Amino acid sequence: MTDESVSADTAPVLSDAAPVLEAEPAVASVLFGDQIETARSFTNELARRGEELGLIGPLELPRLWTRHILNSGLLAPLLEARGRVADVGSGAGLPGLVLAIARPDVHFTLIEPMERRVDWLTSESSRLGLSNVTVVRGRAEDVSDDIVVDQVTARAVSALSKLIPMTVPLVRSGGQLILMKGARVDDEIEKARKVILRQHLSDVEVLELGDGVVAETTRVFRATVD
């Protein structure tokens, strides 16, 4: 078949249109309450600069609110009132900056090794007026002697078998790991059984947050550090 024989009906349609930022879901105002304007400002800036800075992929704008902002914000009720939280591998600020917006009563230490991401986290926390944020450049393993917190969060950093030993030294006795995971979290737990025992974790559970509230629920590995 020659090129001329391909009809207009069967020829592929190519589009150079740039992805459009997802409309804000109605539930966002419920999750963020009186902090919703700050959440909007952060989301818009991440949409504007995220791909350029290598913080998000080129296809993320149509699902930025649901897959990233709300997904991160669902952790907010799990945080202790007036507590101290370390977010490991903060990257674009997911979940660290989002949670700092949602929970101004909690102090967040955002731990990130990459300089350009540290610059982003620092500039955004300043631009948004988040006085409850400290940004630390480094790996969790390198700063554990200087940081002790009530809870640790992390998103898309590593498998539990590696992430647990990395984060436990940051947490006080009786504190918690609150680690965002994917659909295969049960498999990760099984592979990390020896690590869980070695690190003396208790009350190990998997939470599924946002069912019936958001399109994509958030799975969380939560455990107490003894």
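Biologist: Which strand does β1 pair with, and in what sense?

Modeller: Strand β1 (residues 84–88) is joined to β4 by four bridges, and the two run parallel. Strands count as paired if DSSP finds at least two bridges between them. Helices (H or I, at least four residues) and strands (E, at least two) are DSSP runs, numbered from the N terminus.

Biologist: Is this model predicted or experimental, and what are the cut-offs?

Modeller: It is a predicted model, in which local features need pLDDT of at least 70 and side-chain atom pairs count only at pLDDT 80 or more, while totals for chains, interfaces and linings use all residues. Residues are numbered from 1 along each chain as its sequence is written, and side-chain values use heavy atoms, with hydrogens and water left out.

Biologist: Back to β4. Which residue stands opposite V88?

Modeller: A154 in β4 stands opposite V88. On β5, β4 pairs in the parallel sense over six bridges, with T153 opposite I178.

Biologist: What is the handedness of the unit made by β4, α7 and β5?

Modeller: β4, helix α7 (residues 160–167) and β5 make a right-handed β-α-β unit. Right-handed here means that, with the strands pointing away from the viewer, the path from the first strand over the helix to the second runs clockwise.

Biologist: How many residues of β4 are buried?

Modeller: Seven of the seven residues of β4 (residues 149–155) are buried, so the strand is largely enclosed by the rest of the structure. Buried means under 20% relative accessible area, exposed over 50%, and partly exposed in between, with a 1.4 Å probe and protein chains only.

Biologist: Turning to the core, which residues have the most contacts inside the largest one?

Modeller: They are F32, F42, L46, I69 and F108, in a nonpolar core of 43 residues. Such a core is a set of buried Ala, Val, Leu, Ile, Met, Phe, Trp, Tyr and Cys residues joined through side-chain atoms within 4.5 Å. Its largest share, six residues, comes from α4.

Biologist: What does F108 touch?

Modeller: Leaving aside neighbours within four places in sequence, F108 is in contact (heavy atoms within 4.5 Å) with L79, V85, G96, L99, A100, R103, N132, V133 and T134. There is also a second, separate core of 28 residues, including V136, L177, V185 and I189.

Biologist: And α2: which of its residues are buried?

Modeller: I36, A39, F42, T43, E45, L46 and A47 are the buried residues of α2. They pack against α1 (27–32), α3 (64–73), α4 (96–102) and α5 (115–127).

Biologist: Which residues of α5 are buried, and where do they lie on the helix?

Modeller: In α5, V118, W120, L121, E124 and S125 are buried. Seen down the axis of α5, they fall within an arc of 160 degrees, so they line one face of the helix. The arc is that of the directions from the helix axis to the C-beta atoms.

Biologist: Now the backbone. Where is the cis peptide bond?

Modeller: The cis bond joins L94 and P95, with omega about 10 degrees, and P95 lies in the loop between β1 and α4.

Biologist: What is the phi of H200, and where does that residue sit?

Modeller: Phi of H200 is near 60 degrees, a positive value in a residue other than glycine. H200 is in the loop between α9 (193–198) and β6, and is exposed, with a relative accessible area of 54%.
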